[in-house]
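Here are a few exercises to work through with the model open in your viewer. Try each one yourself before reading the solution.

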Amino acid sequence: MQDFFDLTLGGISAGAVYAALGLALVIIYRATRVVNFAQPALALISTYFAYSVTKATGSYWLGFAVAVVAGTVLGVVTERLLIRPLRHRSELSSIIVTLGLLLVLQAVAGMIWSNEPLAFPYAFDFRGRFSANDLFVVLVVVAIAALVLVVFKYTPLGLRMRAAAFAPEVARTLGVRVGLMLTAGWGLAAAVGSLAGLLATPPFLFPNVLDGVFVYALTAAVLGGLDNPLGTIAGGFVLGVGLSYVSGYFGPEMVTIAALAILVIVLTLRPSGLFGRAKVRRV
Amino acid sequence: MSVRTELPETRVETPKRRRTPPPLLVHALAALGALAVIVLLTLVTDEFTNLRIATIGYYLIAVAGLTLLTGLTGQVSLGHGAFMFIGAYTVALLVRRVPTFPLWADLLLASAAGGLAGLLAGAAAARLRGPYLAGATLALAVGLPALTRKFPDFLGGSNGLSFTVHSRRAGAGVPELRWQTWIVWLSVLLALVLVVNIVRGRLGRNFRAVRDDEVAAALSGIAVGRTKILAFLVSAVCGGLAGGLQAFLLGTAAPGSFTPALSLSLLAAVVLGGLGSLWGALWGAVALVYFQAWSEDLADALHLNTDVANNLPLAVYGVILIVVVLAFPRGIQGGFHRLGVLLRRSAKQKENHEKH
């Protein structure tokens, strides 16, 4: 019983990270109908920035801030340089380009900082059943999620972003700068992704550290319907707890396979996610 | 991905009726010719190049399978390394546990194991599209090699399994590696003949119909789900065979060779060669092997440190994916096609010029 309790608590803080990275995917998907496979790499690069800054200055929080800013800039640049030219191309094009970016950024990280694991600090004390660090992770993610929801729902910026995503032509005639809104979406998402990277990385940083987290984040986003930020947050927490049980009772090697199984089962029963609405296709 | 602008050239059919030989025969003869070329190539090159030729061989069949799936049916798989993983471990386990089995049986079973996994993956994938499918297959590529750590006694943990195959008859005067290269290419060409027949035939037409418009395909009587699953099956059989051949050639099967990066570089090869063209699969496979080799040479020549050298191939694959999609959506084979059209056109102009 004690085990069960511990696993649940551990799952909640892991799930918070999946929810955050999943949220980054959903923001971009809503804005541009692109699943950003480069998301873990953007987060990775900004986490390496945090590592270097922290090492140079000795301040964890300075590194933290630099990482989030760097992540935002990376997201904006990616949208402008790589995604904008593909606006009228097939879904496959954007999948392949973001995958290409993933490979390049991971390789560049390995070239600059080497493939060897580097020690990367926790924000707070991480010892104990539900440590100060776990609490911090959950609080940050909940706060970010709330902020994103408020921005989308209640601010003029959010209204314009939604308009640009759902009806670009109409939005344009009403004076919304659609391109700017799409770029803003990528910037926002990359900032959230960088945060997730900072929270997920400790104790060790290496180029593939976020691969697994990304798979779970994608699973969380798909569970939520890829279009639904609230669903993704819920999906992230549910997945985190579920996978924590799998890891505790069946072994950590089974976790990715379990995530795959959950993904396949959910999508077989509900092809547009647990919280997504089925789209009607017109012939 | 892009619309072809040139019109197909109109050709006047000659009324003379010629009996065309059955395509299977044509392809089999072409494969025989290709095998002869490979044998000649291995005879005039050193051992090092032999190994590269063999490596191109098994990549070729893996990339061809992925071309059929992604290029022809429009299903993106980011997990094709997983099928190679299954093939490699099947061969490794069979050689170690049932050494009496002949090599061809091991390879057949490796293909079958890959196919079985592909059937399962395909059944799940038939309901997924685009990013959903990509995500699920990526999970396959990340998750499957982790199983080796779950069953360390059976699958050898992270060191994998090593073994030796004695495929060559005693007394044959051919070096081992050359002989292995021949076996690899013989298997690959046999499989390719089947794949080419599938692609050129009715099933291939169904694949393309499903890719271009699922609703229209369903309305014209194509079972869309079944067609997608079949594409996964064929493609995974190719992947399983490729993995089996790799294990046979290297004498090991280890999880470190089947990272998600392998799956992504296979996709890079498909895109670089030209989506939807089996010739493109050949250029893609050659590129996979030679980019690796060149980046090693370059690292040696420039005295790059190991961190840079180790990551150079991945960076190159990534750049290729981006540049090809942005600038040359039809890949290398598209370029050749273009060149062919231009040459024919200029030849025709010359002809016209001479007539006048």
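**Exercise 1.** Find A:Glu79 and decide: is A:Glu79 buried or exposed? Then work out which residues share its salt-bridge network.

*Solution.* Start with the cover: A:Glu79 has a relative accessible area of 1%, so it is buried (buried means under 20% relative accessible area, exposed over 50%, partly exposed in between, using a 1.4 Å probe and protein chains only). Next, look for a partner. A:Arg84 pairs with A:Glu79 in a salt bridge, with the closest N and O atoms 3.1 Å apart; the rule asks for a side-chain nitrogen of Lys or Arg within 4 Å of a carboxyl oxygen of Asp or Glu. A:Arg84 is buried too, at 18%. Finally, bring in A:Arg80: a network of salt bridges links A:Glu79, A:Arg80 and A:Arg84.

Before you go on, a word on ground rules: this is a predicted model, where local features need pLDDT of at least 70, side-chain atom pairs count only at pLDDT 80 or more, and totals for chains, interfaces and linings use all residues. Residues are numbered from 1 along each chain as its sequence is written, chains are lettered from A and ligands numbered from 1 in the order in which they are written, and side-chain values use heavy atoms, leaving out hydrogens and water.

**Exercise 2.** Look at the salt bridges A:Glu169 to A:Arg172 and B:Glu214 to B:Lys228. Where does each pair sit?

*Solution.* Take chain A to begin with. The closest N and O atoms of A:Glu169 and A:Arg172 are 3.2 Å apart. Both residues belong to helix 7 (residues 168-173) of chain A, and because they are three residues apart, about one helical turn separates them. (Helices are DSSP runs of H or I, at least four residues; strands are runs of E, at least two; both are numbered from the N terminus.) A:Glu169 is exposed at 56%, while A:Arg172 is partly exposed at 42%.

Now chain B, where B:Glu214 and B:Lys228 meet at 2.9 Å, N to O. B:Glu214 is in helix 10 (residues 214-219) of chain B and B:Lys228 in helix 11 (residues 224-250) of chain B, so this bridge ties together parts 14 residues apart in sequence. Both B:Glu214 and B:Lys228 are buried.

**Exercise 3.** Which backbone angles stand out at A:Ser114 and between A:Pro202 and A:Pro203?

*Solution.* Recall the background: most residues other than glycine have a negative phi, and most peptide bonds are trans. A:Ser114, though not a glycine, has a positive phi of about 70 degrees. The peptide bond from A:Pro202 to A:Pro203 is cis, with omega near 5 degrees.
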